[in-house]
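Visitor: Please give me a close look at the helix packing in this one.
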Amino acid sequence: MTHVYALFRCFWHSEESFYGKEVKARKMDDDDDDIPQLSSHTLAALQEFYLEQQQREGMKTSQGFNQYSIGSIEEDWQLSQFWYSDETASCLAKEAVVAAGEGGRIACVSAPSVYQKLKELDGKDFSVCILEYDRRFSVYGEEFIFYDYNQPLNLPENLLPHSFDIVIADPPYLSEECLQKTAETIKYLTKGKILLCTGAIMEEQAAKHLGVKMCKFIPKHLRNLANEFRCYVNYASGLD
Ligand SMILES: C[S@@+](CC[C@H](N)C(=O)[O-])C[C@H]1O[C@@H](n2cnc3c(N)ncnc32)[C@H](O)[C@@H]1O
């Protein structure tokens, strides 16, 4: 029952949709020592949620599962994770491949769905690394590099300076401090080309720290975000 209670608490106040289902919880008895009771409707919805979760886990281990599909590692909002739509990830991945050129190296900094899309493209003509704080992405093996923007140059020794043809980055927070620190990493890694995705409100700071300009292309996410997002580049890209 504990796990049900924990889940229940997640949407106790919000009454929002949880995995696409409208779940409305209601306290049955106000004098009941603050122990929440679930209505039969809520219980049924929870049972359905668990069933779907089991099915998702089952799919992950079955043979046909595409380990690179966006959402195969679910968003963790505590880590400011908001995945791109499939179309946006595709567009950014293709842009990175063209910008990197033949045999190019691409670094995805805090942008795991672009990494996943690049792997789906399965190109033989480029290589890619994923720099990420979330260790769940270590399932991708040697291409995964643990990265914390708070220690922007704390990188493995074999990650040589200016060794990537393009760096694509999407810092976790819309703050100048986060952008400035991520910019240190980007400038260390790139041979020159930078593709940054962040809030429209970061335009001035992006120009200040990275010399990038806003593109016409508007990135979209799987879920609608309150903040307007944009892409910024420092080279002639296909995103305009
Ligand atoms: C706004 S999301 C960008 C994800 C991008 N939209 C995508 O679909 O690939 C920010 C990313 O920063 C990562 N992140 C969270 N905390 C971090 C930290 N301390 N250092 C570096 N990256 C971090 C998150 O795991 C997440 O992948």
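Guide: Let's start with handedness: a crossing counts as left-handed if the near helix is turned anticlockwise from the far one by less than a right angle, and right-handed if clockwise. Bear in mind that this is a predicted model, where local features need pLDDT of at least 70, side-chain atom pairs count only at pLDDT 80 or more, and totals for chains, interfaces and linings use all residues. Residues are numbered from 1 along each chain as its sequence is written. Helices (H or I, at least four residues) and strands (E, at least two) are DSSP runs, numbered from the N terminus.

Now look at α5 (residues 176-189) and α6 (residues 203-210): their axes come within 10 Å and cross at roughly 30°, and the crossing is right-handed. Those axes are lines fitted to C-alpha atoms over the stretch in contact, with angles running from 0 to 180 degrees between N-to-C directions. On the α5 side you'll find E176, L179, Q180, A183 and I186, meeting Q205, A206, H209 and L210 of α6; contact here means C-beta atoms, placed from the backbone, within 7 Å. By class, that's five nonpolar, three polar and one charged residues, with Ala, Val, Leu, Ile, Met, Phe, Trp, Tyr, Cys and Pro taken as nonpolar, Asp, Glu, Lys and Arg as charged, and the others, Gly among them, as polar.

After α3 comes G101, with a positive phi near 80°.

Technical notes. Two residues are in contact if their C-beta atoms, placed from the backbone, lie within 7 Å.
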